[in-house]
Amino acid sequence: MRGPLGPVIGKYPSSSGDVNGGMGNDIIKHNRKCRDVAFLVVFIAFWVAMIVNSSFGFNQGNPLRLSYGLDYKGNVCGDRHADRDLHELELRYWLNPNQVYQTGLKESKFQLSNARSICLLDCPIPSEDSLNWVCDYPEGDIHLSMDDWIDRNYDYFADLTPILRNSSLQLQGPCYPVIFPSVNVYWTCQFIARASNVSLKHWEQMGGVKVIEDIAIDKSIHKSINSRSSVLKRYVADVGKSWPVLLVCGGFLPLFLSIIWLLMIRHFVTGMPWITVVVFNVLIVSVTMFYYLKAGWIGNDAISPIIGEHDPYYHVSARELNHLHAAAVFMTVLMIVSFLSSIAIVRRILMATSVLKVAAKVIGEVHALIIFPVIPYAILAIFYMFWLSAALHLFSSGNVVQNDCGANCCAYDLKMMKLSCNSCCGYNVKYTSHIAASILFHLFGGYWATQFFIASSSTVIAGSVASYYWARGETSTEIPFLPVFSSMKRLARYSLGSIALGSLVVSFVESIRFILESLRRKLKLVNPNHGSWIGKVMYQTSQGCLRCIGYVIKSVNRNAYIMIAITGKNFFKASEIATELIMSNILRIGKVNVIGDVILFLGKLCVSLTSALFAFLMLDTHKYKSAHNKISSPLFPVLVCWGFGYIVATLFFGVVEMSIDTIILSFCQDSDEHQGTAQYAPPLLIETLNEQNEMQRLTQ
């Protein structure tokens with residue numbers, strides 16, 4: 001059973017007989033001590049492990065690998081630190097068309113990664129009246145600089161000796177004919193299985209070996225470009241390329257919008273719930289239309305995997321477009337549900353307005369509350385810069401190793417000045433299981449850190465608002481001049497361990513949901529047609545239960561943080577006190593609190609949807625549609641901006657949210673200690689939460 005909070009808040013004599021509990025004139029000061037220290041130690045150790053894990057990524061990773069391929073020497077195209085300077089040569093091109101054809105055969109064990117490839121500035125196209133050549137990197141007896149080689153369109157066939165020319169006619173290098181046109185598809189030159197008749201005729205007249213024409217030469221490269229791992233790498237690379245968009249739409253814009261929203265709550269509280277609902281519906285329609293536009297369902301601005309100018313009649317399919325179709329369908333469903341939900345809560349908006357008025361009064365009295373979220377915002381901004389950079393390096397980490405292909409082929413080695421037939425195995429980036437574990441650890445750490453900073457911010461706000469409530473809602477001398485900083489001091493000195501524990505619980509439950517979803521997808525891929533309906537029901541039931549548990553835990557945590565701020569108890573004890581208070585007063589506060597939370601949730605979505613909308617607009621510029629800055633799809637950058645916008649809004653809207661929850665919990669405790677009549681509640685709150693007024697409003 002919980003005891004009275006009188007001694008805790010300094011309003012009733014403590015055991016020492018001192019009205020203020022012997023702890024000075026701060027309302028919430030009392031005999032506190034550090035709580036849940038073990039979990040604070042775990043959290044610190046976790047941060048040390050995060051730094052070590054990120055150092056591994058920075059040491060082993062190269063974000064260029066996410067976008068660009070490897071040449072036959074294991075160099076990353078576009079890398080200025082390779083064996084030769086390739087910073088302008090970003091496109092991967094396969095020299096030998098017969099090798100590419102061989103990789104497309106079902107019975108062949110020859111992989112595309114083993115076909116001879118080099119890095120070029122642009123994709124070669126056949127000549128209209130002669131035969132073009134693409135020659136290997138100049139070295140050995142070929143006395144050309146890389147710049148001269150590029151200026152000559154990679155062609156030094158005319159300078160070759162008769163022996164090297166004959167070797168080239170056997171498709172053994174160092175020069176190879178351009179028979180098939182190619183197009184730049186995500187920095188890879190994809191062959192078009194339509195040989196140039198002029199080039200092929202010249203090749204045959206020169207005595208070249210037979211070049212096979214088949215659709216397999218197209219499909220082989222397309223399959224590699226469209227693989228799941230390649231698509232995931234491009235999505236991650238999109239986030240890195242669009243960092244200015246993340247900075248503006250995921251950082252500065254939600255900061256500005258959140259502050260504007262708080263100021264409007266302070267000065268225009270009556271109309272804010274209505275404005276929030278209307279703006280939310282307009283924004284969700286706008287974002288959905290942008291998904292339609294990029295999916296190609298309206299207009300002619302669908303994303304294209306082809307980079308640069310190309311034949312408009314040539315079409316290349318991409319997984320990214322399919323993913324945008326799925327996102328557009330999801331947004332359509334979400335838009336319909338949002339409309340229906342908005343209609344359902346219209347009659348309850350007046351109730352939310354009354355609660356928001358109380359929060360507005362608190363913000364007006366405790367001025368530092370509007371400014372305080374800037375502190376956790378700045379900390380999170382610095383953290384996310386480090387975290388995103390480390391994530392890019394972790395996703396691109398691994399060792400470049402030569403394949404063990406066992407295939408024998410011949411190619412002229414300019415450096416050794418002889419034909420080498422020992423091995424033509426190419427290179428790949430080898431990913432080990434510990435890299436996957438490092439990525440999962442990094443993702444979990446990012447989520448835990450986010451929850452920790454949000455929880456810390458909520459606890460500071462709760463402590464500040466509690467000071468306001470127990471001073472009878474007035475600007476009292478008993479309230480510290482800067483209650484926010486007093487609350488921050490209490491948090492840092494006594495309760496960081498409890499915050500670490502609460503944020504860990506939420507992160508753990510969400511991680512279990514993620515793992516179960518990953519297992520379900522893997523099982524579906526292994527056995528897609530023989531799923532038991534019992535298994536499906538059990539899975540859906542378990543997912544539903546986990547969602548409910550996650551929601552309950554988040555709700556309990558939020559109230560636990562309030563009681564931690566007021567009482568200084570450990571996490572589990574504070575949760576117990578908060579839950580008992582809510583359950584004993586559920587009929588009085590339940591519906592009012594829920595409606596207030598709904599309006600605040602819609603407000604957060606307004607900020608995050610605006611971030612997503614502006615991200616779409618910024619990504620629709622020429623910078624992100626061409627050259628090396630082209631993104632494969634706006635999907636991931638928009639989702640990241642949406643997520644960052646929501647997190648920033650959560651920090652600032654937490655001022656209103658925690659103000660309401662703290663005052664309601666304080667009201668419940670106040671009522672319990674005074675036989676159902678709150679002694680310290682502001683008049684506006686008493687009017688809003690009065691049991692008779694509430695019942696009358698519900699029966700109208």
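The cut-off for a disulfide is a pair of cysteine sulfur atoms within 2.5 Å. C641 is buried, at 0% relative accessibility. Buried means under 20% relative accessible area, exposed means over 50%, and partly exposed is in between, with a 1.4 Å probe and protein chains only.

Some ground rules. This is a predicted model, where local features need pLDDT of at least 70, side-chain atom pairs count only at pLDDT 80 or more, and totals for chains, interfaces and linings use all residues. Residues are numbered from 1 along each chain as its sequence is written, and side-chain values use heavy atoms, with hydrogens and water left out.

Now the disulfides. How many are there by the sulfur rule? The count is three.

Take C77 and C119. Their sulfur atoms are 2.0 Å apart. The torsion about the S-S bond is -80°, and the link is left-handed. C77 sits in the loop between α2 (37-60) and β1 (91-94), and C119 in strand β2, so the bond ties together parts that are 42 residues apart in sequence.

Next, C123 and C189. This disulfide has an S to S distance of 2.2 Å. Its torsion is about -100°, so the disulfide is left-handed. C123 is in the loop between β2 and β3 and C189 is in strand β6, so parts 66 residues apart in sequence are tied together. C123 is buried at 15% relative accessibility. C189 is buried at 0%.

Then C135 and C175. The sulfurs are 1.9 Å apart. Which hand does this one have? The torsion is about 100°, so the disulfide is right-handed. It runs from strand β3 to strand β4 (residues 175-177), so it ties together parts that are 40 residues apart in sequence. C135 is buried at 0% relative accessibility, and C175 is buried at 0% too.

Back to C189 and its strand. β6 covers residues 188-191, and both its faces are covered. T188 and Q190 lie on one side, C189 and F191 on the other, all buried. Strand β5 (residues 182-185) runs antiparallel to β6, joined by four bridges. Strands pair if DSSP finds at least two bridges between them. N184 stands opposite C189. β5 and β6 make a hairpin with two residues between them, and Y186 in the turn has a positive phi of about 50°.

On to salt bridges. The rule is a side-chain nitrogen of Lys or Arg within 4 Å of a carboxyl oxygen of Asp or Glu. That gives 11 salt bridges.

One of them is R116 with D136, at 3.2 Å, N to O. R116 is in the loop between α3 (97-103) and β2 (117-120), and D136 in the loop between β3 (133-135) and α4 (146-151), so the pair ties together parts 20 residues apart in sequence. R116 is buried at 17% relative accessibility. D136 is buried at 2%.

Another is D301 with K625, with the closest N and O atoms 3.0 Å apart. D301 is in the loop between α10 (272-295) and α11 (319-345), K625 in the loop between α19 (586-619) and α20 (635-673), and the two are 324 residues apart. K625 is partly exposed, at 33% relative accessibility.

A third pair is local. K573 and E576 meet at 3.8 Å, N to O. They are three residues apart in helix α18 (residues 571-584), about one helical turn. K573 is partly exposed at 27% relative accessible area, and E576 is partly exposed at 38%. Elsewhere, shared partners join K294, D301, D620 and K625 into one salt-bridge network.

Helix α9 has 25 residues (243-267) and should span 36 Å at 1.5 Å a residue; its end C-alpha atoms are 35 Å apart, which agrees. The expected span is 1.5 Å times one less than the number of residues. α9 bends by about 30° at L253, and P254 follows within four residues. The bend is the angle between axes fitted to the seven residues ending there and the seven starting there.

S457 is in helix α15 (residues 433-469). S457 is buried, at 3% relative accessibility. Beyond neighbours within four places in sequence, S457 is in contact (heavy atoms within 4.5 Å) with F372, P376 and L651.
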